[in-house]
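Try each task on your own before reading its solution.

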Amino acid sequence: MKWSKLITLLLVLALFSGLAGTTTKRLWDGIPLGLDLQGGFDVLYEVQPAEKEQVTREGVLATMHALENRANALGAKEPNITIEGTNRIRVQLAGVANQDEAKRILGEPAKLEFRSPDDKEVLLTGADLKANARFQQDPQTGQIQVAVEFKDPKRLQEVTTKYLGQPMGIWLNGEQLSKPVIQSVLVDGKAVITGMGGPKEANELATLLNAGALPFPIKELSSMSVGATLGQAALQKTLYAAGIAFVLIFAFMLVFYRLPGLIANIALLMYIYLLIAVFNGMDIVLTLPGLAALVLGVGMAVDVNIIAYERMKDEFRNGKTLLSAVIMGQKRSMPTIIDANTTSLIAGAIMLWFGSGQVRGFAIAHIISVLATFLTAVLVSRWMLLLLVRSNLIRNPWWFGAQAKEGKTK
């Protein structure tokens, strides 16, 4: 017996067991879930022409970026915002507790204007502000305020100098919030906005000002909400189905391929762990189609080993020794495995390139699963099987899938 081979194999298994046993749950809990698994909403907007301005491709892109900023300001994890057609934008937000409020903030134009005393001239707009607006209360009066800071303090200084002692209207979306009198020249670029109904309204205004106004008005065409309970139910059912599939596959591999089947099952566990680590490490959002692709990848990972083990059985029938049958079986199965995985990658790349929404989620999960399959089921599984064979711990070919009279022990 070659103890070095056997000890190496046992060390690898011990290291993997320790690593997987202590980190799998943390990695799984850290994977962001899509709206179909944790609840959320999907809303389709149409970009409308602005006053005296037609919708252009650049305008749609600017509107999409503004919506993205607002989604980030809402604290949404991995918002999915895409352009469909020429003037439509789809927004998908997962894990948003108050969906009605989120949709209201997304669609709010947030057109802020500082107007002259007669309200006919726009002196400054929300675009002149830094993205650091915040809610505060006047320490003396307790008045609700939104503190803002202008990008160019000189411009605010010029306006307050010109209209010193006169009222300046502050308008939001065509409605006057307040009209304070300019009592001093503001030289530091800082000012406050008043006129909000309460802290909640002031916080929302600060969020909108920081995210920026929508360059074009948008109209909601359709929306779909997924409740958190429904999403969790879908996740639980999918995981339950995956668990049953794993048990059946494990049993099948052990019954039909014995020790190589056990090695394949261990490689399958490594495959699952690797997928969880990659999704966590790359912060990839897991959706229901993506989860289906990963479960489908389990079958593909097992297929790779089955192809190799059937070639190995052929070598046993030809009278090869145990080590020779394992080496030749793996060698002759490699072209078939490479071809199969290459075509799968091509299909995944096409779906990723031309698809959108959940199709892209499926494609990303499919591509990652194919690459993980090649690493674990092809490279690691073969290496572990060769370590076991070369250790000479078990020399009877029957344990490696051969029939009783097939193969040679040396």
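The exercises below concern a predicted model and look at a sheet, the helices on it, and one serine.

**Exercise 1.** Work out the strand order of the open sheet of 4 strands, and find which strands stand at its edges.

*Solution.* Start with the order, which reads S2-S3-S1-S11 with antiparallel pairing. Next, look at the ends: S2 (80-84) and S11 (218-226) each have a single partner strand, so one side of each lacks a neighbour in the sheet. Finally, check the twist, which averages 15° from one strand to the next.

**Exercise 2.** How many bridges join S2 to S3, and which residue stands opposite Ile81?

*Solution.* First, locate S3 at residues 88-94; this strand runs antiparallel to S2, and 5 bridges join the two. Then follow the pairing to Ile81, whose opposite residue in S3 is Val91.

**Exercise 3.** Is Ser369 buried or exposed, and which residues does Ser369 touch?

*Solution.* Begin by placing Ser369 in helix H10, which spans residues 358-390. The relative accessible area of Ser369 is 0%, and buried means under 20%, so Ser369 is buried. Lastly, list the contacts, leaving out residues up to four places away in sequence: Ser369 touches Tyr271, Leu275, Ala293, Leu294 and Gly297.

Technical notes
Residues are numbered from 1 along each chain as its sequence is written. This is a predicted model: local features need pLDDT of at least 70, side-chain atom pairs count only at pLDDT 80 or more; totals for chains, interfaces and linings use all residues. Side-chain values use heavy atoms; hydrogens and water are left out. Buried means under 20% relative accessible area, exposed over 50%, partly exposed in between (1.4 Å probe, protein chains only). Contact means heavy atoms within 4.5 Å. Two strands pair if DSSP finds at least two bridges between them. Axes are lines fitted to C-alpha atoms, for helices over the stretch in contact, and angles run from 0 to 180 degrees between N-to-C directions.
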